[in-house]
Amino acid sequence: MWPAVGLSVILLAVLGGCGGGGDVPAPATPATLAATEASLVAQGKDIFRQDTFGNEVFWTDTLRMHEVIESSVSPAMALSVGLKVDADALPAAVRQALLDGTADLQSPATTLALIEAHAVVGVRGTVETVNGVKRLTRMGITCALCHSTVDNALGQGIGRRLDGWANRDLDPGRIIALSQALSGADKAIYNSWGVGKFDPRHNVDGLNKPVVIPPAYGLAGVHRITLTGDGDRIAYWNRYVSVVEMGGQGHFEDARLNLNITRGPADLVSSKLDALEAYQLSLVAPTPPAGSFDPVAAARGQALFAGKAQCMACHSGAQFTDANERLHARFDSVAEADIGGESPSYASRSATKQYRTTPLKGVWQHAPYFHDGSSPTLSDVVGRYNQHFGLQLTSQEISDLSEYLKSL
């Protein structure tokens, strides 16, 4: 983040001196650095929430999702597949209708009204009146689709945005499978993914092994930010996802993946990566809700975490991960070792062929656990480690350690 900020400050200083009568620009100060950083974060927030990187070409022209949405996707259906509604973006009349129960949640026309108000989290659309009828003429998606949720203040799936939170209610495969441009075989694959999962390699290698949608918070200070540690910066993964997965207009290449993709004649991605990264690095992990864990048991669990349970061997440091120092062979993952290895292994499809130790801040928020979502609760996670490593934790100790993890 700071190299990007430093570059911005230098550019501002150079540009500020052009045509300025030879005045020497003032040196950067902590205040100007902070102001520049705040500006970069604000830009990144808008990109995260609103920018499609031009992927309407894919979602509209190729998948024709705009046709599906305007004809058959009601708000009730949208909420059922995990889409969220930003209460702060709702027009007053719609907000009131939701509050008093008079909103028609079974009509696609209501969905169009929500999209027109930019209230559907992660979805951007152009709604136009054609022959007196509201039509959805273009649509695309943003980062917030998978990496934001809401606080349910006005109802399930309707509330204030919580950026960076993994939307584990979202069913991306089921949403994609609504496209009539897909074959029956493709629809079957997408429908097989399940809630809260996405396969970011499927359209590259043709294999099918979805992983859980990860959170985008708590990444400041973590240099390997993906499940397999493919890139040293968030910008690497943002470029990959925006171009390769979201269908944005830009370029991505990585020789390790034998991948070199350019979409569109113009690059709508590269210039936005620094600001997008700055915003994501500003997102701190959420604190656990009051009353969600037993503090006395958590204190006992903390001692186990550092001692008998040996968790700190990998979940070390302020971020509770050793990702900055090393990655791990695929069979170091309990999720793979327990079943003798996945087929196909998700790690084997990545650039590193290894796994990163997951940071634990905010871990209470993003169940289920492991990259494949194979453990529904933190107690299940601790139980699997206990069995795999022969830790000889008692039932009480497993419970205590789980309470500590809930407190992070």
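Student: Is Cys 143 buried or exposed?
Tutor: Cys 143 counts as buried, because its relative accessibility is 11%, where buried means under 20% relative accessible area, exposed over 50% and partly exposed in between, with a 1.4 Å probe and protein chains only. Please keep in mind that this is a predicted model, in which local features need pLDDT of at least 70, side-chain atom pairs count only at pLDDT 80 or more, and totals for chains, interfaces and linings use all residues. Residues are numbered from 1 along each chain as its sequence is written, and side-chain values use heavy atoms, with hydrogens and water left out.

Student: And which cysteine sulfur is nearest to that of Cys 143?
Tutor: The nearest is the sulfur of Cys 146, 9.3 Å away, and Cys 143 is in no disulfide, a disulfide being a pair of cysteine sulfur atoms within 2.5 Å. Cys 146 is in no disulfide either, and Cys 146 is also buried, with a relative accessible area of 19%. A search of the whole structure finds zero disulfides.

Student: What does Asn 167 touch?
Tutor: Leaving aside residues up to four places away in sequence, Asn 167 touches Gly 82, Lys 84, Leu 145, Cys 146, Ser 148, Thr 149, Gly 196 and Ile 213, where a contact means heavy atoms within 4.5 Å. Asn 167 is found in the loop between strand E6 (161-163) and helix H9 (172-176), these being DSSP runs numbered from the N terminus, with helices (H or I) of at least four residues and strands (E) of at least two. Asn 167 counts as buried because its relative accessibility is 2%.

Student: Switching topic, how many residues does the largest nonpolar core have?
Tutor: The largest one has 76 residues, and those with the most contacts inside it are Leu 83, Leu 90, Met 139 and Phe 252; a nonpolar core is a set of buried Ala, Val, Leu, Ile, Met, Phe, Trp, Tyr and Cys residues joined through side-chain atoms within 4.5 Å. Helix H12 (residues 234-245) gives the most to this core, with seven residues. A second, separate core of 22 residues includes Ala 298, Val 382, Leu 401 and Leu 408.

Student: Where does pLDDT stay under 50?
Tutor: It stays under 50 over residues 1-24, pLDDT being the predictor's confidence in each residue, from 0 to 100. Where pLDDT is low, the predicted coordinates should not be read in detail. The protein averages a pLDDT of 91, and 92% of the residues score at least 70.
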